[in-house]
Amino acid sequence: MSAKNLVIVESPAKAKTIEKYLGKDYTVKSSFGHIRDLPKKGLNIDVDKGFTPSYEINPDKKKVVAELRKAAKEAEDVWLASDEDREGEAIAWHLTQALKLDPKKTKRIVFHEITKTAIENAIKTPRTVDLHLVDAQQARRVLDRLVGYELSPVLWKKVRTGLSAGRVQSVAVRLIAEREREIREFNAESSYRVVAIFVIGDQELKAELATKLPTQDDARTFLQAAAEAIFTVDDIATKPGSRNPGAPFTTSTLQQEAARRLGYSVKQTMTLAQRLYESGKITYMRTDSTTLSGFAISAAEAYIKGNFGDNYHQVRQFKTKNESAQEAHEAIRPTDFNTQEAGDDAQQKKLYNLIWQRALASQMAPAQTEKTEVTVGLSNRSEKLVGKGEVLKFDGFMKVYGGVKDDTILPPVEKGQKLDLGSMSATQTFTRPPARYSEAALVKKLEELGIGRPSTYAPTISTIQAREYVERKDLEGVERKVQTLSLLNGSITEEEITEITGADRNKLVPTHLAEVTTDFLVKYFPSIVDFDFTAKVEHEFDKVAGGEEPWNKMIGEFYKDFHPLIEDAGGISRSEVSQAKVLGNDPKTGKPVMARFGRYGPMLQRGETESEEKPAFAPLPEGATLETVTLEQALTMFELPRTVGKTEDGKEIKANLGRFGPYVQIDKVYVSIKPLDPFSITEAEARKLYAEKLEKDANKYIKEFDSGIKVVNGIYGPYITDGKKNAKIPKGTEPADLTEEECKKLLDEAPARKKFTRRKTTKK
C-alpha cells in the first residue's frame, strides 16, 4: 500500500535524513539531481520564438522518472522538496513537467536545514513553485548555451580545435592570465630592513627602524653611525587593543578559509559541505548571506554562557555585504551548537569543526589585548627604532576560533633610559609582485566583482582546469642573492646570502593557451570578458528572479549585440590570432623570421610553415615579448642549443632556453641555470650546477619503502608521498624515524590530491 504523500528531493542522502522526521504517511524519493536539461548536441534554443528552450529527460534518468511518475500517480499529494536556491527551484519545476504535475497547484516546500523542526514547519507552510526563480535559472542556462554554442566554434577555427568559451569561465581565465602578466612585468625594488637587539640585564629588546633604507650605502652609513651612537628610550606608549570575530560563513568565505586552514580545494569543500547538509548537520551551504536566525543566535548564547560564562557572550547580527544576496536566507552554521563533532570521515569532521567554531565565535565577545610600543632614539641620527609587544588580556572569541598567539612581552624599561646595543643588522628586502590566485582567492575576486553566484564558483574553477586553460600547481621559485650587513661589538661585516623567491603552493597558473584565448576574446568579443558587463548580467538575472523583467527580454537584449560579433568573426585570419609578426629575413639563409604564438606560447620561427623544408623554432629571449623582440635578438636565439663543453666523465653539456627559463642538458638531466645566460655560461659553471643537481636529487629521499611510499625532502620541509597523495609530517616527529605503518596512516588521513587529466588533440 502506497503512502498518501510523496516527497521528492534531489539526493538519496537527503531523502534518507528527511524520512527519519516524517511519519508512515510519507514516502521520500530522490530524483538524483537534474532530470531534464538541454540536449548536449545542438543549440536546442529557438531564437526566433523568444529563445524557447527544448528540454529532454536526461538519458540516464529515464528509469528514475518512470518510477517517480508511478509513485506520483499513487500518492494523494506530491511535495517537491529540492534545495531552496534557483537551481533547486528549477529542479522542482522540471519535476512538474516530467511528472505531468500542475506547477500552480503542486506543493513546494523549502528549508535551509534538515532538522525535525525545520521539516515539520515546512510541511505546515507549503507554497507553489516560484516561476520567477525558475525563469532566472532558465535565463542563465539559455544565455550560457548561446555563448558556448556560438563562440566555441569560432575558437576552434581561429585558435585551437576543441576549445570552449563560457561567460563566467572566460572572465575567470582573463583574471588569471592578466595577473600572470603583471607578475612577469613586475620589477622588484630593494630596500634595507634594520633590526636592533638591545641587552637589558638577562633579557633582550628587539626594535626595528621605523622606515626602511633605500640603498646598501644608506644601510652601511646608518650602521656606522649606530656603532658610535648612544641609544635612549624616547617614549613608551601602552594602549588597549581588541580583535573582533568574523561573520559566520558564506559559501565564498567557507571556501577561502577551508583552503587556508585545511588545504581543501573549492570542489572538495563543497562536496564535504553537501554531505554535512544532507545528513542534517549544517544549514544550506550555498548562500551569500551572513545573517543568523533568531533561533541560532539564542542557541549560541545558551551554549556560550553555559560553557564559557556570561562575559564571553556578545550578540551580533552581521549585515550581508552583497546587496543581491539571494541564494539562501542564512549563513552556514551547525544545526545544533551542542554537537561539537559531526561527519562520516576525518575530512567532514574537520570542515564541520571549522563551521561550528566560526558560527559560535561570531556571537562571542572581542579578544582584549594590551599593546606596548617602545621608541628608541639615536644620539647622532634622527631616525627612530621601535620595539612592539602585545599581551592578551582576555581571549574572548579566540577561545574557540583563531588560536591564541604567544604573548610578546617587552623587558621593563623607563623613559630616558640608556640602552646597550647587542647587535644590529640591515637585511636587503624586495617588493613583491601581485600574488597569483589560489582557488579560494579567485572565488573572493569573482565575488568582489559581482560575477557568478555561490552555486557557480566551484563548477567554474573545475571547468577552467579541466579544459586546460589553467593549472593548479606548486611553484619551486628561483634563487636570489640578498645582501646583509651586521654590526657586532663595533665592527660591521657584510655578507651575501641566497634565498628562494617565488616559491608557492596550490596556485592557479594560466597556460599559454589561456593567454592567446584571452587576447583573442578581449580584442574581438570584449563584452564576453568585460568584468562590468558580466556583473551586470548577474544583476539582470536578479531582476528576473524578482519578477521585474521577463527572462527572454534580457536574453534578447544580450543576443542582439552578441550575435553580430559571431557573424563578423569569419573575417579574422588565423595568423592574426596567433599574433604573427615578421621581423625580417635571416641574412644567412634568406628565410623570413617571425615572432608568433604557438602551441606552447610565444615563440620564434624561421622559414614558412607551408614550405617543403621544415621551419626552425626557438624561444623568445628572456624579457622580450612579441611586441618588443628584434630581428637581431631572434637570430641569436637560433644559435641555441649551444655546446658548452663536457662533464668530468665526458658527457656533452648543451645550454638552451626553454619554457621555464635557461638550462643545461646532460643526457636526460636538465638543470636550471637561472640567473646565468645560456650564451655565456662556462663549462666550469655548468659542471658545478650539474654536480649540485645530482647531490640534491640524491638527498631528496629521507626514507623509501618497498610499497612505493617515500619520505621526501621538499622545499617546504619533509613530507610523505605514495605518488598519488601527499601527507604532512606532524610537528615534533623525526622524519627519519617514521615507520611504513605510520606513513600509511598519515596518507590515509590526508586529503586527496587534485588529479589533472589532459585531453589528446588530433593533429591536422
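Just after helix H9, Gly280 takes a positive phi of about 80 degrees. The model you are looking at is predicted: local features need pLDDT of at least 70, side-chain atom pairs count only at pLDDT 80 or more, and totals for chains, interfaces and linings use all residues. Residues are numbered from 1 along each chain as its sequence is written, and side-chain values use heavy atoms, with hydrogens and water left out.

Let's stay with H9, which covers residues 266-278. Helices here are DSSP runs of H or I with at least four residues, strands are runs of E with at least two, and both are numbered from the N terminus. The 13 residues of H9 reach 18 Å from the first C-alpha to the last, close to the 18 Å expected at 1.5 Å a residue; the expected span is 1.5 Å times one less than the number of residues. Because 10 of those 13 residues are buried, H9 is largely enclosed by the rest of the structure. Buried means under 20% relative accessible area, using a 1.4 Å probe and protein chains only. Among the buried residues are Val266, Met270, Leu272 and Tyr277. They belong to a set that packs against helices H1, H8, H11, H12 and H13, where contact means heavy atoms within 4.5 Å.

Four strands form an open sheet in the order S2-S1-S7-S8, with parallel pairing; two strands pair if DSSP finds at least two bridges between them. S2 (26-30) and S8 (107-108) are the edge strands, each pairing on one side only. H1 packs on this sheet, touching S1 and S2, and its direction makes about 165 degrees with that of S2. Such angles run from 0 to 180 degrees between N-to-C directions, with axes fitted to C-alpha atoms, for helices over the stretch in contact. Five bridges join S1 (residues 5-9) to S2, and Val7 stands opposite Val28 in S2.

Four bridges link S25 (residues 661-666) with S26, and Gln665 has Tyr670 as its bridge partner in S26.

Terms used:
Buried < 20%, exposed > 50% of the residue type's maximum accessible area, 1.4 Å probe, protein only.
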